[in-house]
Amino acid sequence: MIKETFKQAVQNVLSNKVRTFLTMLGIIIGVMAVIVIVGLGNGMTHMMQDFYSDMGSDILAVNIMTASTRSVEVNDVYRIINEKPEYYKGLSPIASVGGDTLRVAGEKYRRTYISGVNEDYTTINNYKVAKGRGIQYTDLIDNKNICVIGDYVDRRIFGGNGLGSTLKVGASEYRIVGVLEGRSRPAAQYEGGNDDIVLIPYTTLMSVNNTSSVSQYYVVLQDADHSDEAQEYMQKSIKKLVSKDDYVYVQSLSAAMAQMSSMINVMVGVLTAIAGISLLVGGIGIMNIMLVTVTERTREIGIRKAIGAERKSIIAQFLIEACMICGIGGLFGIAAGYIGTLIVGKLSFKMILWPSPSVAVGSFFISVALGVIFGLYPAIKASGLQPVDALRAD
């Protein structure tokens, strides 16, 4: 009986291929959207983890925004870390270049990370110099117009021969004295990644920008065990140097990574819920087409009931047909979702992203469940037809 019911359901599905496929579209699009969105969230999480892992978790990011005439000078921050050697190991100021973009031979590169740093920045962020040298203390003292570039900049712009060349940031030119070793992680080796970087002595950028203060610092901790105490001490110490209306924010990179992960999860959850609307619409489409099928097969239902078919067998037939349509649509959606995730991963993150098997399996079972939920009413309606009335139908 079950085998015969499945066989008949397959015949009914294949008898109207175009209509069946159009009915499946809502399920296909919904499942595909869910899988791609979850894959996108995984890609963003991987990229963020790679970014913070390369930098290390024992770092405090210190941001200072002063609206008043009072400012925090670099020597002030050095004094604070020297007061607590049990908390802090070292620091690097991060001077901003404003809205300037990198220019080489007239071409603009807007995503390249350009910052003014000290001689300890490369060590703090786990960079190694592959060619030439890094920024030295004498470069800071003399405000030299030199720079160190990342592996991506060297390969993409200079063809691997950037050492000794010059590049332009804003109106100033800088001679390349060093090239950093490329990261092993694929996410770092593309435009905007950790290897797409230009480092300039922070004193040089400060003189170019006519400023005596820096708004951001990376402070290295002695160990992660005293992270909370070190963070609180730094916050209070800098707050004493500025007015009460000025903004001071100190956060460990590990906490920043956790916060970003939470934000990504919330965003993925919202987008997945929106994609779930497509599944709901697809389920309504299933109900609609099954009601049409009941109308078309009224005489067949009447004949079956007249020769003794039970209500449960008719309900089973229509439910199996609805579940089959949704299940096949779910499989197509999973396949499209895998392809879409691979494309998104390659184009957006330059990495191969594989959707979570649990998400794929869950999406399939959800699509089958939609067949049960939205196919139940048409099945009950079909089983409730009276044989006499059904046989009279045209």
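Visitor: How many bridges join E2 to strand E11, and which way do they run?
Guide: In this predicted model, E2 and strand E11 (residues 216–221) are joined by 6 bridges and run antiparallel. Within that pairing, Ser 92 stands opposite Tyr 218 in E11.

Visitor: What packs on the sheet there?
Guide: Helix H3 (residues 74–83) does, touching both E2 and E11, and its direction makes about 165° with that of E2.

Visitor: And what order do the strands of the open sheet have?
Guide: The order is E2-E11-E1-E12, an open sheet of 4 strands with antiparallel pairing. Strand E2 (88–94) and strand E12 (247–252) stand at the edges with a single partner strand each, so one side of each has no neighbour in the sheet. On average, neighbouring strands of this sheet are turned by 20° against each other, with direction ignored.

Visitor: Switching to helices: how do the axes of H9 and H12 cross?
Guide: The axes of helix H9 (residues 253–296) and helix H12 (residues 357–383) come within 9 Å and cross at roughly 30°. Angles under 35 degrees count as roughly parallel, and H9 and H12 are therefore roughly parallel to each other.

Visitor: Is that crossing left-handed or right-handed?
Guide: H9 passes H12 in a right-handed crossing.

Visitor: Which residues meet there?
Guide: From H9 the contact involves Leu 279, Leu 280, Gly 283, Ile 284, Met 287, Met 290, Leu 291 and Val 294, and these meet Ile 366, Leu 370, Phe 374, Tyr 377, Pro 378, Lys 381 and Ala 382 in H12. By class, the contact of H9 with H12 has 13 nonpolar, 1 polar and 1 charged residues.

Methods. Residues numbered from 1 in each chain as written. Predicted model: local features only at pLDDT ≥ 70, side-chain atom pairs only at ≥ 80, totals over all residues. Heavy atoms only, no water. Axes fitted to C-alpha atoms, helices over the stretch in contact; angles between N-to-C directions. Helix = DSSP H or I, 4+ residues; strand = E, 2+ residues; numbered from the N terminus. Parallel < 35°, antiparallel > 145°, perpendicular 65-115°, else oblique. Left-handed = near helix turned anticlockwise from the far one by under 90°. Contact = heavy atoms within 4.5 Å. Nonpolar A, V, L, I, M, F, W, Y, C, P; charged D, E, K, R; others polar. Pairing = 2+ DSSP bridges.
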